[in-house]
Amino acid sequence: QISVRPTDELPASLDAPLVFRGYCTRRDVADAKGKVVICFTTKRAGLPSAAARVQAAQAAGAAGLIQVDDPYFTIEPPRWPAAYARSVTLAGAPAPAAPALPVMTLSAEAFKALLAGSGQDAEAILKAGGAKEPLPIFDLPARLQAKFHLTRRDFTAENVLAVLPGRDPKLTAEHLVLSAHLDGYGFGEPVNGDGLYNGALDDAAYVGTLIRFADRRKGKPLRRSVLFAAFTGEEKGLLGAHWFVDHPTVPIAAIVADINLDQLRPLFPLDILTELAEADTSLGHSARLVASGMNIRIQPDPEPERGLLQRADHWPFMQAGVPATGFIFGYEPGTEAERRYREWYQVRYHRPQDDLT
């Protein structure tokens, strides 16, 4: 019910009074020096982001930060099972923001237990936060005492790359990257008795798609060269894609685009495709031209507050100035397609239930 962000500078112990400071704007936490600040955390537009809350707590000199899950943000679960709570970074990567600040995340149920006997209505606070309404600010008659133990290990994981040279002598030096990610979690915390995190649609099916495409194009190249990339470490922060962009096997200037295949999820008929960053490059125009001949409508991301654009392997390419995009099966609101879309996030996403059923 509580998870801790591990960093190399995490203190060995913590003993400080607890205070609740609403959404944790800088004004809210101005008096929090030496205290553990509890914040209502949400992805809703117009409220402080997770990064802003950390910055505010650090600037105030807080002893720690506890972020409470928003149970009313039902687009997707607030957190995934324990296998997703470990932090992995590239060797030599800069430390996260405020590395010495203990940053914790608390479930809504544990928050209710924490406030029991304080005279505060936890359920009312959660409901108000879920509606973006003003939140109270108060001190709790309690302290947080905690001890932290870090375990660090080094791993090596490889990207898998291949090139299909282009047939046009004038264009063969240009490369289109087709990418998917090969990492999953193997065995982990069981959910409903199942402990194998299959990762069928996240993202094994699309690694399989790359293999099938390569097989079908053998001896039949496109005009440009195609660089197939099965990236590692996507689930831990797009690590393989970041590494490739920082250490490209072809010049970055020679990469004309990245089309990333991640969780397209064919759970219902394909009538609408959500395209990430569809208006940011000419890829959106190209996609609309192709889709129009297939009676498919291209739409922008209808839920940008979830940050899907920054959560998949096309993002490092975009940061480097390379046009990139990804797609997800879309739906009309209130339809059976939406029900299946929502059901996926509630019971299958990042769980063992992402399997061939």
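Which residue just after α2 takes a positive phi? Gly117 does, with a phi of about 85°. The legends below walk through this predicted model in a handful of close-up views.

**Figure 1. Helix α2 and its buried face.**
Helix α2 spans residues 108-115, and four of its residues are buried: Ala108, Ala110, Phe111 and Leu115. Looking down the helix axis, you will find these buried residues within an arc of 155°, so they line one face of α2. Their packing partners include strands β2 (13-21), β3 (36-40) and β4 (64-68). The buried residues of α2 also pack against β5 (103-106), helix α3 (122-130) and β6 (137-147).

**Figure 2. An open sheet of six strands.**
The strands of this sheet come in the order β1-β5-β4-β3-β2-β6, and their pairing is mixed. β1 (2-4) and β6 stand at the edges with a single partner strand each, so one side of each has no neighbour in the sheet. From one strand to the next, the twist averages 25°. Helix α1, residues 50-60, packs on the sheet and touches β3, β4 and β5. The direction of α1 makes about 150° with that of β4. Helix α2 packs on the sheet too, touching β2, β3, β4, β5 and β6. Its direction makes about 95° with that of β5.

**Figure 3. Strand pairs seen up close.**
As a reminder for this view, strands of a sheet pair through backbone hydrogen bonds, either parallel or antiparallel. Five bridges link β3 and β4 in the parallel sense, and Phe40 stands opposite Val68 in β4. β4 and β5 also run parallel, joined by four bridges. There, Gln67 has Thr105 of β5 as its bridge partner. β1 and β5, by contrast, pair in the antiparallel sense over three bridges. In that pair, look for Val4 opposite Met104 in β5.

**Figure 4. Strand β5, covered on both faces.**
In a regular strand the side chains alternate between the two faces of the sheet. Which residues of β5 lie on one side, and which on the other? Val103 and Thr105 take one side, while Met104 and Leu106 take the other. All four are buried, and both faces of β5 are covered.

**Figure 5. The second largest pocket.**
This pocket holds about 770 Å³ of space. It is lined by 25 residues, and the closest to its centre are Ile259, Leu261, Ala287, Val290 and Phe327. The elements that give two or more residues to the lining are β8 (175-181), α4 (200-217), β12 (255-260), α6 (283-292) and β15 (324-329). Which element gives the most to this lining? Helix α6 does, with five residues.

A search of the whole structure turns up two cavities of 30 Å³ or more.

**Figure 6. Backbone spots worth a second look.**
Most residues other than glycine have a negative phi, and most peptide bonds are trans. The peptide bond from Asp202 to Asp203 is cis, with omega near 20°, and Asp203 lies in helix α4. Arg265 has a positive phi, near 60°. You can find Arg265 in the loop between β12 and β13 (272-275), and it counts as buried because its relative accessibility is 2%, below the 20% limit. Ala277 also has a positive phi near 60°. Ala277 sits in the loop between β13 and α6. With a relative accessibility of 13%, Ala277 counts as buried.

Thr357 lies in the segment after α8 (336-347). Is Thr357 buried or exposed? Its relative accessibility is 75%, so Thr357 counts as exposed, the cut-off being over 50%. How many residues separate Thr357 from Ala200 in sequence? The two are 157 residues apart along the chain, and 9.3 Å apart in space from C-alpha to C-alpha.

Terms used. Residues numbered from 1 in each chain as written. Predicted model: local features only at pLDDT ≥ 70, side-chain atom pairs only at ≥ 80, totals over all residues. Heavy atoms only, no water. Buried < 20%, exposed > 50% of the residue type's maximum accessible area, 1.4 Å probe, protein only. Arc of directions from axis to C-beta. Contact = heavy atoms within 4.5 Å. Pairing = 2+ DSSP bridges. Axes fitted to C-alpha atoms, helices over the stretch in contact; angles between N-to-C directions. 1 Å grid on protein atoms, 1.4 Å probe; cavity = no way out; pocket = protein on both sides within 12 Å on 5 of 7 lines; lining within 4 Å. Points joined across faces, edges and corners; volume = space filled by probe spheres on them.
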